[in-house]
Amino acid sequence: MKDPICRLEADAAARDVVDALTRDGAVVVRDLLGPDTLARFNAELDPLLAAARPDREFLNPAVAWFFGKRTRHLTAVAAHSRVFATEVLCHPLLLEVAQAVLGPACASFQLNIAHVLDRGPGAEAQLLHRDEMVWMHVPRPHPELQLALMIALEDFDADNGATRVVPGSHRWPGERQPEDHEIAVAEMPAGSAVLYLGSTLHGGGANVTPDRRRRGMHLSYVVGWLRTEENQALSVPADVVRGLPRRAQQLLGWGAHDALAAGGGYLGTVDLRDPVDLLAEAGLPAEAGLPAERRS
Ligand SMILES: [Fe+2]
């Protein structure tokens, strides 16, 4: 296997990250999370993952097969981790890159999914796939809908299941499968991330170590007018959202998608208002969704 992934530092210009993504479909950003952020994030995750059961319920048997029984999952990460909600989700470089990639096809983008996968020894390699296939009903070709990434929360190497990506596959016909030599392994130190487009083939590698886990954070941003893979509004309690910065609230699906200025319409309003404005004014009761004076 070769390693043709472009590697940039976290202080790289967003333009360079976007150029690499556009060209290759994938790029590694080293030290996206600094040591302090990484340590605080992992400290929040430790007890949550310790309590997670690998043999758990899933949407259906196909999803259960895809994830296998060797992985501890933490979903709705913004509901559990303030470091994620305030520092990772709103990372300036990620937001700048997401704006450049997704901005041409939307008025605003949002979080699609936030999912920590702690893959244990024996975890099998994932099927190589394109994340955007969850929106298979959108005909191809189409503008970029999704920017995804996997953050290494501990060192990723070929043995513990570093993410495999196929550079260039974002431009392939849907049916083309990669040769072995076209698959790159995103080995990277903890805190680094591999960013990829929704159209880029990728998958978790097999964890063939006898005793090492591989903790990674998968998240993706998507254009603001698409249904999200993880239902953020139902996954993150309103009481938690209320205590977050406005930008995080918007990304968690509480921002209206307002394309009126571009000649379109609006989506996601509450009482014909932007929900983040309602949050700022009065706070939405978690149990009811709307302040009492707005329910009549
Ligand atoms: Fe994926």
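1. Two strands are said to pair if DSSP finds at least two bridges between them, and the strands themselves (E, at least two residues), like the helices (H or I, at least four residues), are DSSP runs numbered from the N terminus. In this structure Val165 stands opposite His202 in E9, and strand E6 (residues 164–165) pairs with E9 in the antiparallel sense over two bridges.

2. A word on the basis of these remarks: the model is predicted, with local features needing pLDDT of at least 70 and side-chain atom pairs counting only at pLDDT 80 or more, while totals for chains, interfaces and linings use all residues. Residues are numbered from 1 along each chain as its sequence is written, and side-chain values use heavy atoms, with hydrogens and water left out.

3. The pairing of E6 and E9 belongs to an open sheet of three strands, which run in the order E7-E6-E9 with antiparallel pairing. The edge strands are E7 (184–185) and E9 (202–203), each of which pairs on one side only.

4. The next points concern salt bridges. Side chains of opposite charge can pair when their charged atoms come close. A salt bridge here is a side-chain nitrogen of Lys or Arg within 4 Å of a carboxyl oxygen of Asp or Glu, and by this rule the count comes to 15.

5. One of these salt bridges joins the side chains of Arg30 and Glu9, with an N to O distance of 3.6 Å. Because Arg30 lies in strand E2 (residues 26–30) and Glu9 in strand E1 (residues 6–9), the pair ties together parts that are 21 residues apart in sequence. For the surroundings, buried means under 20% relative accessible area, exposed means over 50%, and partly exposed lies in between (1.4 Å probe, protein chains only). Arg30, at 30% relative accessibility, counts as partly exposed, and Glu9, at 40%, also counts as partly exposed.

6. Arg72 and Asp118 form another salt bridge, in which the closest N and O atoms are 2.8 Å apart. This pair links distant parts of the chain, since Arg72 is in strand E3 (residues 71–74) and Asp118 in strand E4 (residues 109–119), 46 residues apart. Arg72 is buried, with a relative accessible area of 18%, and Asp118 is buried as well, with a value of 1%.

7. Within helix H8 (residues 238–242), Arg242 and Asp239 lie three residues apart, about one turn of the helix, and they form a salt bridge whose closest N and O atoms are 2.5 Å apart. Arg242 is partly exposed at 30% relative accessible area, as is Asp239 at 49%. Elsewhere, salt bridges that share partners join Asp46, Arg72, Asp118, Arg213 and Arg215 into one network.

8. Asp24 deserves a separate look: this residue lies in helix H1 (residues 14–24) and counts as buried, because its relative accessibility is 14%. A polar contact (a pair of N or O atoms within 3.5 Å; within protein, one must be able to donate a hydrogen and the other to accept it, and residues adjacent in sequence count only if both atoms are side-chain atoms) joins the side chains of Asp24 and Arg23 at 3.1 Å. Leaving aside neighbours within four places in sequence, Asp24 is in contact, that is, has heavy atoms within 4.5 Å, with Cys6, Pro167, Gly168 and His170.

9. Finally, Tyr266 lies in strand E12 (residues 266–267) and is partly exposed, with a relative accessible area of 45%.
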